[in-house]
Amino acid sequence: LNQSETIIFEKCPKCGKEMIVGSIQSDREVMWIEKNKKPLRISSKLFMHSKANAERCEECNIVVIKEEQ
């Protein structure tokens with residue numbers, strides 16, 4: 001865990017088990033798209049090889065992504 005990887009949830013919000021820290025990577029930027037709203041950039045880079053810090057629950061298959069600010 002480095003300085004840019006901060007813990008969002010220590011425990012899964014659904015089942016309470018420990019979350020696994022990791023990241024979501026893409027060859028393009030990672031975006032949140034919501035109907036009738038401007039897309040929100042989640043990843044830290046505008047171009048290739050984007051990465052967004054995330055956590056995953058192995059039990060529930062829930063992924064939580066930290067929005068870059």
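Predicted model: local features only at pLDDT ≥ 70, side-chain atom pairs only at ≥ 80, totals over all residues.

**Cysteines.** Which cysteine sulfur is closest to that of Cys15? I found it in Cys60, at 3.6 Å. A disulfide needs the two sulfurs within 2.5 Å, so I noted this pair as too far apart for a bond. For Cys15 I read a relative accessibility of 33%, which makes this residue partly exposed.

Next I looked up Cys57. Its closest cysteine sulfur belongs to Cys15, and the distance is 3.6 Å. That is too far for a bond, because the cut-off is 2.5 Å. Is Cys57 buried or exposed? I logged Cys57 as buried, since its relative accessible area is 1%.

How many disulfides are there in the whole structure? My search returned 0.

**Around Cys60.** I then placed Cys60 in the chain. Cys60 sits in the loop that joins strand S4 (50-57) to strand S5 (62-65). Which residues does Cys60 touch, leaving aside those up to four places away in sequence? I listed Cys12, Lys14 and Cys15. I also checked Gly16, which is 44 residues from Cys60 along the chain. Their C-alpha atoms are 9.9 Å apart.

**Positive phi.** I stayed in the loop between S4 and S5 for Asn61. Asn61 is not a glycine, yet its phi is positive, near 60 degrees. I read 63% relative accessibility for Asn61, so this residue counts as exposed.

Asn36 gave me another positive phi in a non-glycine residue, at about 65 degrees. Where is Asn36 found? I traced Asn36 to the loop between strand S2 (31-32) and strand S3 (40-41). Asn36 is exposed, because its relative accessibility is 74%.

**Sheet.** Last, I went through the strand pairing. I recorded an open sheet of 3 strands, in the order S1-S4-S5. The pairing is antiparallel. Which are the edge strands? They are strand S1 (20-26) and S5, each of which pairs on one side only. From one strand to the next, I noted an average twist of 40 degrees.

I followed S1 against S4 in detail. These strands pair in the antiparallel sense over 7 bridges. One entry from that pairing: Gly22 has Ala54, in S4, as its bridge partner.

I end where I started: Cys15 and Cys60 have sulfurs 3.6 Å apart, and the whole structure has 0 disulfides.

How values were computed:
Residues numbered from 1 in each chain as written. Heavy atoms only, no water. Helix = DSSP H or I, 4+ residues; strand = E, 2+ residues; numbered from the N terminus. Contact = heavy atoms within 4.5 Å. Buried < 20%, exposed > 50% of the residue type's maximum accessible area, 1.4 Å probe, protein only. Pairing = 2+ DSSP bridges. Axes fitted to C-alpha atoms, helices over the stretch in contact; angles between N-to-C directions.
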